[in-house]
Each structure stands twice: as structure tokens, then as C-alpha cells.
Amino acid sequence: MRHSHGDPLTVPKVLSRIRTELEITVNEASPIERRLAQIRSMQREFREQPVGGRFLAVKRLVYWFTASAFDRQAKVVEALLDLIEELAEENRRLALQFARAAGDDGVRDEEEGRPE
Amino acid sequence: MTVIDPPKSPSISVIVNTCDRRDSLRTLLRSFEHQSYPDFEVVVVVGPTRDDSLEMLTTEFGHRICVVRCPKFNLSASRNLGLAHAAGEVVAFIDDDAVPCRNWMSQISKPYVDPEVAGVGGRTHIVNPEQGQLQFFRGLATVLGEQTDVLIRDKDRPPFAAPDPYVFPRFHGTNMSYRRRVLLDINGFDENFEYLFDDADIGVRLGLEKRRLVQLPDAVVYHAPTSGRNRGEDPYDLNWYSWLRSLVYFTLKNGGPTVGRSKSLSHALRMTSTFFAHVDEVADSGKMPPHLHAKARKMLRRGAAVGILQGLFLKRRIPKKIAAIDRDFELFLGPESERMPASPPIPVPGNERATPLNDQPLRLCLLSVGFPPTDTHGVSRSTHTLARGLVELGHEVHVITSGRRLRVTCDEGVFIHQVAGEENPRYGDLAARGYQNLAFWLNHSHAAFEVVESLQRDNAIQLVDSPLWGLEGLVTAMRRSLPIAVRVVTSMKQIAQVHDQISPENDLLGELEGRFLSMADLIVSNSAATTHAIEEVYGLDPEEAPIGIAPYGMVPAPDSLVSPLPEHDVDELSVLFVGRLEKRKGILDLFEAIPVVLARHPEAKFIVAGSDNSRQDGFFADHGMDYPTFFRKSFGHATNSVDFTGFVDEAHLEELYRACDLFVAPSLYESFGLIFLEAMNWARPVIGCLAGGPEEIVIDGETGLLVPPGAAEKLADAMIELLNSSERRREMGLAGRRRLIENYSHIAMARSFEHLYRARLVDAEGHGVSKTGTRTELS
């Protein structure tokens with residue numbers, strides 16, 4: 001079997017690579033994802049109860065007149081959230097690629113205790 | 001300084017609504033014995049049952065449960081009765097054909113620390129072997145009766161006809177809990193939902209009241225849907241009337257006051273036509289027999305009509321006030337609970353023990369990339385046998401294997417978790433660099449680790465057992481959160497050496513095996529020969545390495561199916577070889593011996609059962625042909641007496657064992673030799689080599705004969721010796737069968753493993769930490 005790309009793998013490199021993947025898995029629910037879920041929840045709450053507090057009837061009337069604008073605004077927010085989620089995923093993918101590359105090239109040799 | 005008491009965990013009343021399901025109800029109640037959360041009681045509401053559920057409850061569970069009779073066959077009415085009798089702060093509902101994971105109540109109790117939380121639900125898996133699927137995960141319901149049962153990612157939410165403010169989280173009826181006060185405040189369930197939509201209706205009603213419901217990703221319930229009055233044996237023999245009636249009623253009752261009566265009515269009619277289209281489509285595809293199709297259409301017509309009338313003109317049937325019965329909260333768990341055998345959702349026939357064990361049952365996770373019936377290789381079969389034996393001893397056993405998608409099933413009492421490593425190929429770049437095998441194994445090892453983590457959360461598994469082969473447990477071992485046992489079989493390194501398959505990847509895999517072994521808390525070898533070989537190959541110190549021996553085993557065939565060989569001579573003698581056709585299995589020695597035997601016994605027939613491995617072991621590269629072709633070219637005159645079957649499945653293999661007069665497997669080395677046990681199971685004499693496991697399994701001269709490895713002449717002599725005497729063959733076969741039952745049954749195997757696991761777990765607990773924490777750090 002030919003191993004044409006890059007230096008041959010070594011045990012320390014493989015173990016280092018597994019550790020990288022483990023860190024990614026264990027920390028999978030990233031702060032960005034959690035924040036996105038919170039914002040989506042806030043958005044839903046707003047849609048459920050757009051106005052509140054005092055002078056509720058007046059506010060509801062105003063809201064009723066402007067509801068279509070809020071609808072359009074909600075769609076824009078939804079699209080932005082989807083976009084941010086995709087960007088976050090892309091970012092994670094790139095970080096993963098970077099970590100994998102570092103795992104390959106910059107791994108410390110555990111047995112020798114020095115960088116390879 | 002003010003001291004604030006930590007929030008108290010709530011007391012839980014588990015409500016089980018049941019009718020005519022005595023056996024699955026018993027299984028569920030037995031599974032409660034192993035809940036990790038102690039502060040719970042059980043209220044069983046028995047409908048107008050026609051079986052002896054009530055007697056069973058009285059005799060087997062007595063005062064430990066609260067039994068309530070419900071005269072109507074109505075799930076919501078039954079739930080309301082349970083609610084009235086519950087004494088806990090939280091009421092949790094689970095179906096009578098399901099069992100919860102060990103930490104179910106422990107997990108659902110946690111969010112209630114927040115006083116704003118009104119309800120908590122978890123995940124549900126259908127575990128019937130034929131139907132296994134994720135049934136419920138973060139579901140949603142709308143006021144128009146639209147429902148999503150499985151929502152993995154927010155953005156996969158389907159477009160609903162109902163506006164966003166009217167989309168609410170909902171729980172699954174078999175895995176839901178609520179604060180009792182909250183349900184009492186809304187007067188419980190609407191009893192017009194006799195069956196179905198009761199759970200969604202509560203979700204929507206609480207949603208409209210802005211109550212907070214928490215959906216947990218875990219808190220798993222294993223659901224094994226059983227036939228009953230609302231569900232026949234056929235998957236499409238359903239109570240279609242209840243389905244559509246409840247849906248239409250739900251839509252009109254919840255949609256009318258929120259999105260308007262005309263919109264909800266037109267939506268209900270649209271869904272009605274969808275139902276008709278669905279059953280027609282299923283019938284057209286042949287999945288629904290014509291008589292069921294006609295029955296379904298009739299039920300749908302009636303359901304739509306009744307649903308519309310009830311939705312438009314009938315008031316909700318919600319009790320004006322549920323009067324809570326004043327009774328004491330009775331803990332379910334008893335002093336013997338922890339020693340009761342584990343209860344899988346689908347009981348193993350003949351294994352419904354109700355008596356406590358001597359020790360607490362263990363909660364174990366076995367790894368095996370392949371598993372019968374789809375895979376019958378040695379590691380897969382030995383894992384299957386071990387799992388079955390452990391279950392029969394009363395332990396809880398989970399097996400993680402590979403599949404096309406994540407699903408959980410329960411077969412013969414064993415939970416089988418299939419993972420698809422390739423769904424998330426983390427190590428794909430290694431494959432691109434030429435390390436395909438390594439990439440495959442690491443992907444699988446990582447996917448298995450993720451399931452191990454969830455099993456640790458849900459089922460508090462205590463130990464993971466992985467084969468050395470394939471490094472399946474390597475990622476789990478590196479995480480160091482559980483003790484890990486490594487089952488040693490013939491290693492990749494040994495195989496590579498025997499087959500002269502020296503390559504950078506194989507070298508690397510061999511070295512990784514060595515590292516994996518060094519991380520093990522327990523190394524389980526199946527024979528002294530394997531132990532010796534592994535010490536030699538990996539340089540393990542026999543004094544230091546935590547090695548134990550547990551011989552493999554086999555489920556003994558029933559006596560009624562075993563036909564011992566005849567005492568008299570027969571016209572035609574059959575010699576069977578089973579194994580891959582490769583050098584290590586001694587196939588070339590057998591080829592050389594066959595003509596010698598035929599010279600003395602021309603009536604003998606040789607069956608060579610197994611797939612050709614010449615391309616993998618280098619034989620084809622050296623000779624330009626596979627093994628059967630080589631035999632035909634080299635020993636043409638013997639060709640008519642030899643039958644190369646190629647790969648044979650389990651059923652066919654069994655027939656071959658039963659039909660043969662002599663079994664032969666002249667492997668140059670076997671770490672154990674399951675094939676000898678298979679032959680002994682059918683009372684057949686065996687011939688093997690003095691190399692590894694066979695030396696321990698076969699008693700030379702008593703259950704078979706042993707010859708030096710690589711000695712074709714000696715092999716031929718041994719075969720001739722046994723073919724000469726029918727009496728000897730019969731005696732040896734019977735002696736082998738006795739030896740198998742006494743020393744190598746699946747129960748004997750499981751007991752050996754249990755002994756080692758317990759020693760390991762006690763050792764780990766004695767040190768206060770898993771031994772994994774005391775190993776040389778890897779990072």
C-alpha cells in the first residue's frame with residue numbers, strides 16, 4: 001500500500017489526533033450554538049407575545065396595523081439566524097481542519113517529549 | 001451569613017395506565033427496581049382488563065404499588081384517575097410496554113429544581129428488532145394538530161400551517177412528566193381523547209398558558225410496542241377511527257379559539273383527505289392487505305364524521321375538578337431491589353426470574369463492529385454468545401455495533417446500539433493518505449465512544465468491554481471515564497506476521513494495539529496460549545499486566561437436535577473443514593493430507609467450507625491462482641472427493657456439522673478455536689493442531705486428536721485413525737459434547753467474564769477511582 005501524501009503517521013500523531021477529535025466531541029454544544037438557540041427562543045416569545053405591559057389595548061391596535069411589517073422583519077431575522085448557524089458550522093469545520101493539520105504536523109512526540 | 005438550602009429534588013409518582021398487557025406490565029415494574037432515583041412511588045391504573053393483570057400485581061408487587069381500577073377503556077380518564085391518586089410532587093407517565101433507562105427519573109427530576117418548570121420529557125426509542133427507530137426527540141405540536149416527533153436540529157423544523165405563536169413543545173405519552181399541581185390546575189386530561197393526542201393536547205394547553213416545558217436530549221425510554229385493543233399484530237391494523245377522530249377533534253378544539261373556526265375546519269378536512277390518501281397508498285404498495293384497507297377506510301369515515309361533530313358541538317370532557325385522594329406516598333424500592341435481575345423491554349423466554357441474585361447485576365457495554373445475524377465472524381459470534389450468557393445471568397447488557405444509521409433494538413434481552421461511523425467521517429483525510437483501515441476503525445471507535453457516553457448518562461454503565469481487534473474501544477479508553485476491558489483475540493499484528501503483510505499501516509495498527517492494551521484496566525484472554533502469545537508479541541509483563549483468562553463458549557444445542565454418530569460402519573464418510581481458506585488455517589497441509597487419506601479410505605468425502613482468502617494472504621500473488629484452483633491443478637485425481645462450498649451461512653453450517661463424521665481444522669495457530677466447540681456441540685470428533693487454543697479445548701485421545709502444526713503426514717495419519725473406527729468416533733464425539741456443556745457453554749463463558757469484571761470493578765471502587773486515573777497519562 002502506498003502512503004504518498006505527507007510523512008508516515010506515527011503512534012503519537014494518531015493519539016494526538018484522537019485527542020483533538022475528543023475535545024471537539026466533548027465540547028460539541030459550542031457557545032455559539034447555545035446563543036443561537038436562545039435567540040431563536042426569544043424570537044418565538046416575541047412572536048407569541050409582541051406587546052405587553054401598560055396600555056395593552058392601544059399597543060395591540062398599533063401592532064395590528066404594523067403586523068405585516070413585523071412579519072417581514074421576522075423572516076429577515078430568521079434568515080439571518082440560519083446564515084449565522086451555517087457560518088458557525090463552517091467555522092467549526094475550518095477549525096477542525098486546522099486542528100487536524102496541526103495534529104499532523106505540530107504534534108509533540110509524547111515518548112520523546114519533544115516536538116517532532 | 002445566610003445559609004440557603006439547596007433546592008430539594010421532587011418526589012415522583014410514576015403513573016402506568018394498563019389494560020390486557022400483564023407480561024409487559026410485569027417487565028416494566030421489574031425494571032423500576034433499578035431506578036437510580038429512590039424517591040418515587042408507582043400508581044398502576046388498570047382498565048377493564050380481561051387478563052389476570054390484577055392478580056399478578058397483587059401477588060408479585062403487593063403493597064409496594066397503588067392499584068386503581070378504571071372501568072372505562074379510555075386513556076385520558078385512566079390518566080386522570082392516576083393523577084387523582086398520585087401523592088408525589090411530580091407525576092411521570094410511561095406506557096405499559098416500555099422500560100426506562102436507569103437514570104430516567106434522576107434526569108427528569110433535575111429541571112424541576114426551577115419552580116417555573118411545569119413539565120419535563122425525554123427521548124424514546126422503539127426497540128422491537130424489526131422496527132427499531134428513534135421514536136421521539138424534542139417533539140412539537142400546533143393548535144391545528146400538526147406534530148413533529150423527531151426534531152434533531154431547529155432548522156429542520158417543518159413548515160406548519162399554524163402560525164409560530166401556536167407551535168408548542170410537546171412530550172411523548174410514554175415519556176412525559178408534569179408538576180402535579182400544574183396538571184391539577186388545568187383539571188387534567190380531556191377525556192374525549194380516548195386514545196392518542198392526549199399528550200399533544202396537554203402540551204398545547206400548557207403552551208397556551210405560557211407554561212415552561214423542558215425537553216431533555218436523554219432520559220431515554222425503550223419502547224417495545226405490543227399488540228392490544230388499539231393495535232393488532234399487523235403494523236397497519238390500527239385503530240384508525242381513534243386516530244382521525246382525535247385529530248379532527250383536537251384541531252377544532254385547539255384551532256377554533258386561536259386561529260379561527262373556519263381555518264381549523266378546512267385544515268381538519270385537508271388532513272382527513274391526507275389520511276385516506278395514505279391508507280390507499282399503503283394498500284396500493286401491497287403493505288396493507290385488502291381486508292385491512294376496507295376496514296381502515298370504514299373507520300376513517302366514521303372517525304372524520306364523529307370528530308367534526310364532537311369538535312364543533314361537544315364540550316371538552318375535562319373534569320370540573322380532580323379531587324386528589326389523600327393517601328401516603330409509598331416508596332417502590334425495597335431492600336432486595338438492587339439484587340433483582342435486569343429487565344430488558346422484551347423479556348427473554350424462559351428467563352423471567354423474579355428472585356434476587358446473589359450479587360447486584362452488572363451494567364455492561366460490549367463493543368463489536370459486527371454482530372449476528374448480519375455478521376458471523378469469530379469476534380461477532382463470541383460477543384453475541386457472551387452477551388446472551390450475561391443476560392441469562394441477569395445482567396444488563398448493551399452492545400455497540402455498526403449499522404447504516406443510529407438505532408437501538410433489543411434482541412434476546414440484549415440492547416443493540418447501531419452506529420454509523422461513516423455518517424460523520426472524522427478521519428477521512430487519513431483514508432485519503434492511504435490509511436483506509438485505520439480511518440475506518442478510528443471512525444467506528446469514535447462513533448462507539450459517543451454511544452458509550454450517552455449510555456453512561458442514561459444507564460450508568462459500569463464497564464466497557466472491547467475486542468483488541470479493530471481498536472474499537474481505543475477512543476473510549478483515551479477518554480478514561482470508565483474502566484475498560486480488552487478482549488484479546490488474534491491481533492492484527494499477529495495476522496500481519498503470519499500472512500507476511502508487512503506495510504506501514506499494518507505496523508501502525510499493531511503498535512496502536514500495543515498502546516490500547518497498555519490503557520486497559522483488564523485484559524481478558526480466552527486461553528493460556530493467547531495470554532502467552534500476547535505477552536510475547538506486545539512485550540507485556542505477566543506480573544504487571546492485568547490479564548485474566550475467560551474461555552469462550554457456545555449456546556449448547558438442545559439434546560433433541562443432537563444425533564450422535566452411529567456405532568456401526570457407514571458406506572460414505574464425510575470429513576468437514578470449516579474456516580477461511582488461508583495459510584494460517586493450515587489449508588495447504590489439509591490439501592497434502594487428502595490424497596493420503598483417500599488412498600486408505602476412497603469412500604471419504606471432504607467438505608471444505610469457507611471463503612477463499614488467497615488474495616489477502618498473499619497466496620494468489622505468489623501462485624497466480626486461488627486455493628480451490630490450486631488444489632484442482634495439484635491434486636486433480638482427488639478433485640471428485642472434495643467439495644469447496646465457499647462461504648456458508650449459519651443455518652447451512654449447522655447442517656454440515658450435523659452431517660459430518662469427522663471435523664478437522666489444522667490451523668498453524670488459533671488463539672482459541674470456536675470451530676472446535678461448534679463441532680463438539682453436535683457430538684463430532686475433532687482433529688486440531690498443537691498450536692494455541694486447540695491444545696486447551698481438545699483432550700487428545702478423548703474428545704479428538706491433536707497433531708503438530710504443519711505436519712501433513714501426521715494429519716493424514718490422525719484422520720485415517722479415526723475414519724477406521726466408527727466406535728471411536730462416536731465415543732469421542734459424545735465426550736466432546738459433554739466437555740462443551742460442562743466447560744464451554746455460554747453460561748460458563750459469561751460466569752468467567754463476570755468474575756473478572758467484578759474483580760476489576762471492586763478493585764476500581766476500592767481505590768476510590770477508576771484505575772484509568774492511575775495510568776500513565778496520555779496527554
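**Helix pairs and sheets of chain B**

Modeller: I would begin with α1(B) and α2(B), which are roughly parallel to each other; an angle under 35 degrees counts as roughly parallel, over 145 as roughly antiparallel, 65 to 115 as roughly perpendicular, and the rest as oblique. Helices (H or I, at least four residues) and strands (E, at least two) are DSSP runs, numbered from the N terminus. Please keep in mind that this is a predicted model, in which local features need pLDDT of at least 70 and side-chain atom pairs count only at pLDDT 80 or more, whereas totals for chains, interfaces and linings use all residues. Residues are numbered from 1 along each chain as its sequence is written, while chains are lettered from A and ligands numbered from 1 in the order in which they are written.

The axes of α1 (residues 22-32) and α2 (residues 53-61) of chain B come within 10 Å and cross at roughly 25°; such axes are lines fitted to C-alpha atoms, for helices over the stretch in contact, and the angles run from 0 to 180 degrees between N-to-C directions. The crossing in which α1(B) passes α2(B) is right-handed, meaning that the near helix is turned clockwise from the far one by less than a right angle, anticlockwise being left-handed. On the α1(B) side, B:Arg22, B:Leu25, B:Arg26 and B:Leu29 meet B:Ser53, B:Met56, B:Glu60 and B:Phe61 of α2(B), where contact requires that the C-beta atoms of two residues, placed from the backbone, lie within 7 Å. By class, this contact has 4 nonpolar, 1 polar and 3 charged residues; Ala, Val, Leu, Ile, Met, Phe, Trp, Tyr, Cys and Pro count as nonpolar, Asp, Glu, Lys and Arg as charged, and the others, Gly among them, as polar.

A second pair to set beside it is α8 (residues 261-284) and α9 (residues 290-313) of chain B, which pack at an angle of about 175° with their axes 10 Å apart, and which are therefore roughly antiparallel to each other. The residues making this contact include B:Phe275, B:Phe276 and B:Val279 of α8(B) and B:Arg297, B:Leu300 and B:Ile308 of α9(B), and by class the contact has 9 nonpolar, 2 polar and 1 charged residues.

Turning to the strands, 7 of them form an open sheet with mixed pairing, in the order β3-β2-β1-β4-β12-β6-β13 of chain B; two strands pair if DSSP finds at least two bridges between them. At the edges stand β3 (66-69) and β13 (212-215) of chain B, each with a single partner strand, so one side of each is left without a neighbour in the sheet. Neighbouring strands of this sheet are turned by 20° against each other on average, direction ignored. Helix α3 (residues 75-85) of chain B packs on the sheet, where it touches β1 (12-18), β2 (40-46), β3 and β4 (90-93) of chain B, and its direction makes about 150° with that of β1(B).

Another open sheet, of 4 strands, has the order β5-β14-β7-β8 in chain B, and its pairing is mixed. Its edge strands, β5 (98-100) and β8 (133-136) of chain B, each pair on one side only, and neighbouring strands are turned by 30° against each other on average, direction ignored. The pairing of β5(B) with β14 (residues 221-223) of chain B is antiparallel and runs over 3 bridges; B:Val99 stands opposite B:Tyr222 in β14(B).
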